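Dear colleague,

Please find below the structure that I am handing over to you. My findings follow it, and I would ask you to read them with the structure open beside you.

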Amino acid sequence: MARFRWPVLLIAIAAVVSAGVWGMGVFGQLSEGGYNDPGAESSRAAEVVRQELGSQGGDLIAIYRPAGASIDDPALGKAVQARLAALPKSEVAQVSGYWPGKVAQFAAADRTSAVAVITLAGEDDGAKLEAYRAISDKLSVPGATVQLAGAAPLNDASAARSTDDLAKAELISLPIVLVLLLFIFGSLVAASLPVLVGGCAVLGSLGVLHAIAASHDVNSFAVNVASLLGLGMAIDYGLFTVGRFREEQDAGHTAAQAVSRTVATAGRTVVFSASLLMIALAGLLLFPQGFLKSLAYGGLAAVALAALLSLTLLPALLAVLGTRVDKLPVRLPLRLSGNGWAKLAGVVLRHPVLVALPILVGLVVLAAPIAGVRFGENDERVLPAGDPSRQAVETLKADFPALSSAGVQVVLQGSGGAAPSPGGAAAFAERVTGVPGVASVTPAGSNGSVVTWTATLKDTDPFSASARSAVRDLRDLRPPLDATLLVGGTTARNVDSLTAIGNRLPLMIGLLAGATLVLMFLAFGSVLLPIKAVLMSALSLSATFGILVWVFQDGHGAGLLSVTPAPLEAGIVVLMAAVVFGLSTDYEVFLLSRMVEARTRGACTAEAVTTGLTRTGRVISAAALLLIVVTGAFALSSVSTMRFVGVGMIVALFLDATVVRMLLVPAVLRLLGDAAWWAPGVLRRLQERAGLGEKDEVAAPGDERLSAGRSEVALPEAGQVRGGRHAAPLTPEYLPAPDSSHAGERACPPPRAPELPVAGAAPMPELPFAGSAPRPGLARITVDQQPGDGTRELQAPRRPELPAGPSGREESDAGSFGGSRSHGRSAVDADATREFGRVENETEVTAVFRVPRELRDDPPGGSPR
């Protein structure tokens with residue numbers, strides 16, 4: 001990547017800009033539908049009516065309320081008729097209503113208002129929405145107020161508010177994210193890179209959505225999902241990538257070497273994370289609803305581009321910047337200690353039952369409201385109470401229930417193309433009236449082979465249990481022998497949608513769990529770790545949805561959020577489940593990867609858990625905090641659907657990144673002990689052949705190492721100071737005393753000094769060589785050829801103190817990304833599995849290697865060369 005940095009940089013920028021400019025056209029092709037199952041009975045009922053009776057009213061309903069006059073006032077009637085007749089024919093397909101015939105069903109019971117029902121031109125929701133926007137300001141008349149209700153005004157208000165709220169969310173979140181990144185990275189240049197990649201991912205995803213919209217319906221909410229995930233995941237991936245690049249540079253590597261090592265290490269984490277999240281989002285494609293498919297399109301495009309740009313554009317930028325990535329530094333006013341995570345690990349490991357049991361009970365209690373969950377679909381309640389479109393729909397439901405969308409559509413279709421017999425149709429209508437839950441039945445039209453009625457339900461909530469029960473009872477009615485019964489409408493559509501989701505949900509769960517189990521096993525080589533990860537993610541997800549049900553459905557605290565309690569929209573719930581499961585698994589992978597790495601280096605379970613928590617606690621917390629800011633800004637939206645997503649992401653990320661990953665997972669691993677790392681021999685060999693497991697860091701090009709096997713020593717050239725991370729075991733004086741509190745199934749063994757091999761043997765133990773400590777000195781290797789034969793020395797400038805962290809930076813709560821250099825005495829060795837204490841300064845380190853006489857090349861009796 002570093003070798004071709006300029007071509008990669010130019011191609012990526014050109015592609016993103018082109019996609020973004022072209023992608024702006026997607027906003028004119030978005031729809032507001034796709035919530036129904038196209039193969040369901042309710043969809044077939046709507047299609048039969050459209051074919052036989054044409055487009056039915058309800059796209060736009062204008063409610064006229066005279067000011068101090070009657071709806072029968074001749075002047076008012078003429079004004080309304082003239083206004084409706086002047087509407088352009090290109091935008092209006094049909095107009096009906098109270099005027100001029102004074103049809104009773106279009107007047108309110110108290111005669112204070114009347115309606116005009118307008119069928120808009122257009123074959124789909126997008127075309128009808130454009131037609132509505134063209135005539136929405138041409139319907140008012142003098143002497144009366146007008147309210148615009150129906151699907152078109154509701155969709156227009158929802159889309160306009162969502163667009164404005166999305167811009168507001170990004171305007172609020174991006175500056176906060178940039179400030180947080182400044183404190184995390186300590187440099188304005190480094191902090192701006194993840195935000196830049198996030199913006200490019202969002203622009204690119206718009207281009208992808210525009211291409212998809214040319215042949216498929218794309219719901220407008222897909223843009224919100226693309227923005228949320230594109231920006232959020234690019235910032236997360238940038239956090240890992242830029243942080244690792246700076247570590248490699250601090251270790252003494254050139255910019256090209258640092259980029260290569262970063263892509264080989266942090267890039268693996270990015271690919272793994274993106275793969276899991278994309279598999280979760282791909283599960284949405286299993287459902288027949290176009291709305292869910294649209295969310296999958298937006299999410300998949302955003303996550304894929306965030307990962308791709310993090311592996312191409314970002315490394316190219318890093319290669320160009322090199323050490324200039326640390327330009328414009330920003331320092332924290334206080335220097336924070338990094339010992340907190342190690343102390344937390346100690347507490348959890350000493351009392352795993354006391355930690356795990358209350359958390360498990362608490363999460364189960366939080367998940368309890370799920371037992372009473374009810375599902376619906378978006379209606380006027382997604383808008384604020386004062387929105388004119390919502391108020392118009394509420395007026396329509398109160399004064400004209402037969403015209404509202406809450407009615408059930410009952411359709412009789414004659415067989416053989418002939419209409420049902422009049423007597424049979426009338427008798428069937430009587431039986432419809434007698435169905436429990438049905439208040440009245442109104443003829444809705446007949447033509448050709450179709451006769452339709454509108455059944456008004458007693459329960460005004462179309463998503464209530466009684467409303468769904470009435471639909472099922474209507475479908476159980478036996479139609480006339482010469483006809484087929486179809487039941488449609490809002491409630492029937494909701495019933496069919498929930499049935500379709502329920503039928504496909506096990507497939508999605510199987511996909512998520514199966515992919516997680518397989519990929520995590522291939523990565524970690526353990527049977528129990530993937531199972532534990534799936535269970536922990538499911539528990540965190542359940543607690544999140546329990547809180548959302550308690551607030552958004554049951555109404556506890558709804559006033560503080562300015563939302564109207566309503567049944568949860570099933571499609572949004574499925575989306576949240578996919579995203580939250582993917583993100584929680586991502587954090588689990590990042591945490592376990594360091595634990596498994598420590599385990600492969602010989603650490604016991606307690607040491608591995610301590611290492612993983614100490615090394616990743618700050619990174620996971622920082623990533624979760626940044627994503628909370630990005631997604632949490634949606635909680636400020638005026639549309640309750642977006643607010644549901646924002647609040648849900650805040651709750652999910654907080655629970656998962658703190659309570660579950662930092663406390664529950666370490667406690668459970670401590671209780672599992674050595675069994676957590678076990679796998680049958682056959683599966684272990686399969687995992688090793690796959691080559692996806694944790695590996696030691698890759699050698700940078702140009703490193704000259706005297707090594708064999710894992711332990712390597714990088715020898716510096718004369719007069720050159722080289723830094724780096726060394727994988728050899730620490731020498732005894734740097735190892736801490738064993739912690740007796742970690743005694744259990746397999747106690748942590750006491751430190752044991754590594755055996756020093758004879759010259760030429762392998763592996764050779766690594767020494768803390770040049771560049772690995774703060775102050776320069778002399779490093780001397782003395783080769784003892786034979787007793788009394790003399791010695792020879794290799795000297796190179798070195799800094800004898802041990803490094804303060806993976807990157808030579810002081811450990812702090814901001815992670816290893818902080819800008820301050822280490823001058824403290826307590827730190828964590830880059831490849832050690834435990835923390836070491838105070839290290840006294842030394843001026844030189846001497847290691848003695850014995851060389852057999854038969855292997856030396858000195859002349860007999862001569863001095864060593």
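Two strands count as paired if DSSP finds at least two bridges between them. With that in mind, please look at Val438 in this predicted model: its bridge partner is Leu457, in strand 8. The two strands concerned are strand 7, residues 438-447, and strand 8, residues 450-457, which pair in the antiparallel sense over eight bridges. Together, strand 7 and strand 8 form a hairpin with two residues between them. In the turn, Gly448 has a positive phi of about 60°.

The next topic is a pair of helices. Two packed helices are described by the angle between their axes and the distance between the axes. Helix 12 (residues 352-367) packs against helix 21 (residues 640-672) at an angle of about 130°, and their axes are 9 Å apart. Angles over 145 degrees would count as roughly antiparallel, and 65 to 115 as roughly perpendicular; helix 12 and helix 21 are therefore oblique to each other. The crossing of helix 12 with helix 21 is left-handed. Helix 12 contributes Pro352, Val353, Val355, Ala356, Ile359, Leu360 and Leu363 to the contact, while helix 21 contributes Val659, Val660, Leu663, Leu664, Ala667, Arg670 and Leu671. Of these contact residues, 13 are nonpolar, none is polar and one is charged.

Finally, the protein as a whole contains 22 helices and 15 strands. It has 865 residues, of which 53% count as buried. Among contacts between residues at least 6 apart in sequence, 78% join residues at least 24 apart.

Yours sincerely

Key: Residues numbered from 1 in each chain as written. Predicted model: local features only at pLDDT ≥ 70, side-chain atom pairs only at ≥ 80, totals over all residues. Heavy atoms only, no water. Helix = DSSP H or I, 4+ residues; strand = E, 2+ residues; numbered from the N terminus. Axes fitted to C-alpha atoms, helices over the stretch in contact; angles between N-to-C directions. Parallel < 35°, antiparallel > 145°, perpendicular 65-115°, else oblique. Left-handed = near helix turned anticlockwise from the far one by under 90°. Contact = heavy atoms within 4.5 Å. Nonpolar A, V, L, I, M, F, W, Y, C, P; charged D, E, K, R; others polar. Buried < 20%, exposed > 50% of the residue type's maximum accessible area, 1.4 Å probe, protein only.
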